[in-house]
Amino acid sequence: MFTDRYMTNSRWVRQVARSQAAARNPEFDRIYGGSSVKILSFYARDGDLLEGDRTVLCYGVLNARAVRIAPWVGEVTPSLSRCIPVAPEQDTRFTITAEGKDGRTVSETFVLPVKPDYDSFPKVTAFRVVGHSLGHGGVHVYSLYFATRNAEEVSIDPPVLPTLHGAPYSYFYVAPRQTTTYTLKVLGKKGRTAEKQLTVNVP
């Protein structure tokens, strides 16, 4: 009788275990079951970036013998969960491709937006006449002042100064013989430019 009861109890335990497994296995099997290659996750930690910022790109693959990410972010290997640092300079579409042991491949993709950092744009914050005098022969001499932000190069047209590098501000003199409009141009990172004009009226 003890043996029969033990067998009955054991059978009941197995049935309970099977019913519990059946209740949870469909989703588990969908994600982790089988031997097919699967991409479990692929995302960036941040939904968008400000230009110059960094984030991490995270991925997880299952049953993969090889994995690659484009554009290239460094060497990546199959892993259930891994994150790698990235610092895209513009909106970037990342694509992960995982290859299974049978040669079959699966891919996923998403776009990581990168917002311009307007505070880093080149700017002309001042460009004006700050002084005037008469030189020899009655020539009008004007003192000009400019100030810039985030400028890597500064030039003036018509050219009255050589190109300046990284000058946040400066004073200089001009002696036009007639009313002249000067254009101050600044060049910043990524080739971005800004300019401002100043007309010097000669009596």
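Beyond its neighbours within four places in sequence, Val61 is in contact (heavy atoms within 4.5 Å) with Lys38, Ile39, Leu40, Val67, Pro78, Ser79, Leu80, Ile96 and Ala98. Val61 is also among the residues with the most contacts inside the largest nonpolar core, which has 21 residues. A nonpolar core is a set of buried Ala, Val, Leu, Ile, Met, Phe, Trp, Tyr and Cys residues joined through side-chain atoms within 4.5 Å. Elements giving two or more residues to this core include β1 (38-44), β3 (55-62) and β4 (64-70). Apart from it lies another core of 17 residues, including Val124 and Phe172.

The model is predicted: local features need pLDDT of at least 70, side-chain atom pairs count only at pLDDT 80 or more, and totals for chains, interfaces and linings use all residues. Residues are numbered from 1 along each chain as its sequence is written, and side-chain values use heavy atoms, leaving out hydrogens and water. Mean pLDDT (the predictor's confidence in each residue, from 0 to 100) is 88 for the chain. Over residues 1-8 pLDDT stays under 50. Where pLDDT is low, the predicted coordinates should not be read in detail.

Five salt bridges were found in the whole structure. A salt bridge places a side-chain nitrogen of Lys or Arg within 4 Å of a carboxyl oxygen of Asp or Glu. Glu51 pairs with Arg192 at 2.8 Å, N to O. These two residues lie 141 residues apart. Glu51 is buried, at 12% relative accessible area (buried is under 20%, exposed over 50%, partly exposed in between; 1.4 Å probe, protein chains only). Glu99 meets Arg65 at 2.5 Å. Arg65 is partly exposed, at 48%.

Methods. Helix = DSSP H or I, 4+ residues; strand = E, 2+ residues; numbered from the N terminus.
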